[in-house]
Amino acid sequence: MKISIERGALLKALGQAQSVVERRATIPILSNVLIDAEGDQVSFRTTDLDIEVVDRAPAMVERPGATTVSAVMLHEIVRKLPDGALVTLAEDSASGRLTIAAGRSTFSLATLPKEDFPVMASSEYASNFSAKAPVLRRLFDKAKFAISTEETRYYLNGVYMHVSTADGGQVLRCVATDGHRLARIDADLPEGATGMPGVIVPRKTVGELRKLLDDDDAIIAVSVSETKIRFATPAITLTSKVIDGTFPDYTRVIPTGNTKRLEVDATEFAKAVDRVATVSSERSRAVKLALDEDRLVLSVNAPDSGAAEEELAVAYGDEPLEIGFNAKYLLEIASQVDRENAVFLFNSSGDPTLMREGNDTSAVYVVMPMRV
Amino acid sequence: MPALCRDCLTTFDAGTRCPACRSPRVLSHPELFDLSIAHMDCDAFYASVEKRDNPDLRDKAVIVGGGQRGVVSTCCYIARISGVRSAMPMFQAMKLCPDAVVVKPRMRVYVEVSRAIRAMMEDMTPHIQPLSLDEAFMDLSGTTRLHGAPPAVMLARLIKRMEEELGISGSIGLSHNKFLAKIASDLDKPRGFSVIGQAETHGFLAKQKVRIIWGVGTATQTALEQGGIRTIADLLRWDRRDLGARFGSMGDRLWHLARGIDTRPVQRDEGVKSISKETTFFEDTGDADLLDGHLWRLAEQVSDRAKAKVLAGRTVTLKLKRADFKLISRRHALDQPTQLADRIYREARALFDAAPDKGPFRLIGVGISDLCPGDQADAEGDLLDLNATKRSAAERATDAIRARFGQDAIIKGRALR
């Protein structure tokens, strides 16, 4: 194999590929990227056995062929090369090394045989549809903060993507929860997604997917089966296993009878929460919200370190209420709000609270209160 | 050389017998009246209490421990002649000493005696650091004028009082730091009083095996041996940095201790680090139902203790000992601290279910660690398990009922398994 490729194109292609590689892989070949040159393009493939990414780039192929080298090392080399350099990758099968040459720099990396590289078994996808990048970006970005890291409830370690109904119509819905807070984000159902099986997309896949979604004009081809999900752009294909488990029935968690309504400027609210939480030194930082006629008093009382209090002008017209929350959870949901005011709906100090942006029900958050 | 009669507490200048009462129990040491850090260790504590309360046992070998399957908690000095040691499995102890009288531990009585000893120590100094029911460090620095007698005299008086008022004997180690005081108390047991002065520290330590260092167990000993270190003299030949590089923070500690340097103060309360309970079975078992019952009862005991001390734990630990004594330990970090039996039980049960080994086991234990104040415990509910809130309310109600009508007023069916 021998190819020449512009440094920028190579770096971009490798950037996505190398991030899938596990830094502490126990099987040596999993640290490598499979470089495959054919026709007028080269592809870079990496896997951690759960996620596989293939990244393609145009290249001048002098001699077709394939080999594998350390993904991280190759990426580092290319990253350090000067901008605009023309990079030549040449495999010397006699010495078993890959030579990387650019300008006056030459590197030679050890290779492993391409036959040893594990390729994810292809599968039949039950559902294929296309979605605009910004739609998927919103679905996953707004849900991912609530993904659980708790290994015992492994089925919560991802975003549950499925088809549901809202306001009489069908929607594509993403839900994530860790038992303390929950995010439920809806988008119009893309054409062709009607019969899509519900799948739990793992946390790492959500992170990798994010890099495909930066371009506002990109159209993402999504394929879903019971066991796998694939996201593809013309240049990149990301295939991932989904979490083998049943996502709990989240609908009964979302309160429907909460009537006490608080409306507050989300940015001001988040800043105030952040300020008062400073004095609390403990890991579980409880913030108390005291509500009364258009007035919200946020307070923290940490016996061993100090106390803080801040008052905010808000819209609240129901009976007085005192309720506590974990400051971190409040901050996280408040920062999801970017266009309108945050609307909180409370029931009592012991019941789950609902938060949404204005009257928009396409993104709702639930947070469990804390005893204060 | 300053000397002290341990029977009548007379102090005098050298001699092998007390000039006042002619007793031969004379203690003399050049630094006797200058040293002030002491370690007191009762002699065969549980067994001594049993002999005190039942004079028939006086001349018999007595082993305090649990059942056929348990281990020796304490054995008297008569039993020790046959080779019985504490922590030895009971069957082995009985083989060595078939005539021994086995007594079940009466913890309540031991706690009472321990409190009485503690009160006597409080009369001498506020700087007491108990290590267990029957041993404690004391720092008597600066008390000479208050008591009108140097620490050595006060310590001899303490032992005398313990013998006369409580019928319990103990041994004293007196030195210039905790490390050496603890070593000293063990040198001349029972009814001992040993002194390690500044001047003799290095000479004394150089002769000792590394095993004598508190905290050097079998594992560390093996590691040290691989580095060619068997005695403290071997340790002294090592450079401080090399020890640190090879044994980490332990290396630095060893470097200091080998030189008799120990700056840890005698601290009144080092704080509880974990709360745990365990039980050894009469017969090894792999019966999941039976083990489940044990898990619940242990979780409840741990929870009771945590509630009493107003503490909560962020980590739940499950301990299992297999029939071949192999220890399996599993831990799980919680996202919020707990003191509830229900939560501790559920976590322990999940750990048990996830453990690859299904028994038979000879021991099971449950514990919590990474402790924090109890008022932060269980403050958040679980969205996906709304019954958890109800169960926790039920547990609080159960606690209230028990506080009023007694521990057995209300129990879970699970506890009967």
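## A first look at chains A and B

Chain A is built from six helices and 26 strands. Keep in mind while you look around that this is a predicted model. Chain A has 372 residues, and 53% of them count as buried.

**Where the two chains meet**

Let's turn to the place where chain A touches chain B. Chain A brings 23 residues to this contact, and chain B brings 16 residues. Together the two chains bury about 1,900 Å² between them, with 49% of that on carbon and sulfur atoms.

How many salt bridges run between chain A and chain B? The count is one. The partners are Arg153(A) and Asp382(B), and their closest N and O atoms sit 2.8 Å apart. On the chain A side, the residues that touch chain B split into ten nonpolar, six polar and seven charged. The two chains also share eight residue pairs in polar contact, counting pairs where both residues have pLDDT 80 or more.

**Salt bridges inside chain A**

Over all chains, the whole structure holds 54 salt bridges. Side chains of opposite charge can pair when their charged atoms come close.

| Pair | N to O distance |
|---|---|
| Lys80(A) and Glu76(A) | 3.7 Å |
| Glu115(A) and Lys114(A) | 3.5 Å |
| Arg295(A) and Glu311(A) | 3.1 Å |
| Arg153(A) and Asp382(B) | 2.8 Å |

Start with Lys80(A) and Glu76(A). Both belong to helix α2 (residues 71-80) of chain A, and because they are four residues apart there, about one helical turn separates them. Is Lys80(A) buried or exposed? Lys80(A) is exposed, at a relative accessible area of 61%. Glu76(A), with 28%, is partly exposed.

Next come Glu115(A) and Lys114(A), whose closest N and O atoms are 3.5 Å apart. Glu115(A) has 59% relative accessibility, so it counts as exposed. Lys114(A) comes out as partly exposed, at 39%.

Then there's Arg295(A) with Glu311(A), a salt bridge at 3.1 Å from N to O. This pair ties together distant parts of the chain: Arg295(A) lies in strand β20 (residues 295-302) and Glu311(A) in strand β21 (residues 306-313), 16 residues apart. Arg295(A) is partly exposed, with a relative accessible area of 38%. Glu311(A) is partly exposed too, at 49% relative accessibility.

Salt bridges can also join up in a network. In chain A, one such network links Lys142(A), Asp338(A), Arg339(A), Glu357(A) and Asp360(A).

**A marked residue in chain B**

Finally, hop over to chain B. Which residue does UniProt list for "active site"? An unreviewed UniProt entry lists Glu135(B). You'll find Glu135(B) in strand β9 (residues 135-139) of chain B. Is Glu135(B) buried or exposed? Its relative accessible area is 16%, and buried means under 20%, so Glu135(B) counts as buried.

What does Glu135(B) touch? Leaving aside residues up to four places away in sequence, Glu135(B) is in contact with His39(B), Met40(B), Asp41(B), Pro130(B) and Lys182(B).

Definitions and conventions: Residues are numbered from 1 along each chain as its sequence is written. Chains are lettered from A and ligands numbered from 1 in the order in which they are written. This is a predicted model: local features need pLDDT of at least 70, side-chain atom pairs count only at pLDDT 80 or more; totals for chains, interfaces and linings use all residues. Side-chain values use heavy atoms; hydrogens and water are left out. UniProt positions are given in the numbering used here, feature names are shortened, and annotations may be inferred rather than shown by experiment. Helices (H or I, at least four residues) and strands (E, at least two) are DSSP runs, numbered from the N terminus. Buried means under 20% relative accessible area, exposed over 50%, partly exposed in between (1.4 Å probe, protein chains only). Contact means heavy atoms within 4.5 Å. Buried area is the accessible area (1.4 Å probe) that two parts lose on being put together, summed over both. A salt bridge is a side-chain nitrogen of Lys or Arg within 4 Å of a carboxyl oxygen of Asp or Glu. A polar contact is a pair of N or O atoms within 3.5 Å; within protein, one must be able to donate a hydrogen and the other to accept it, and residues adjacent in sequence count only if both atoms are side-chain atoms. Ala, Val, Leu, Ile, Met, Phe, Trp, Tyr, Cys and Pro count as nonpolar, Asp, Glu, Lys and Arg as charged, and the others, Gly among them, as polar.
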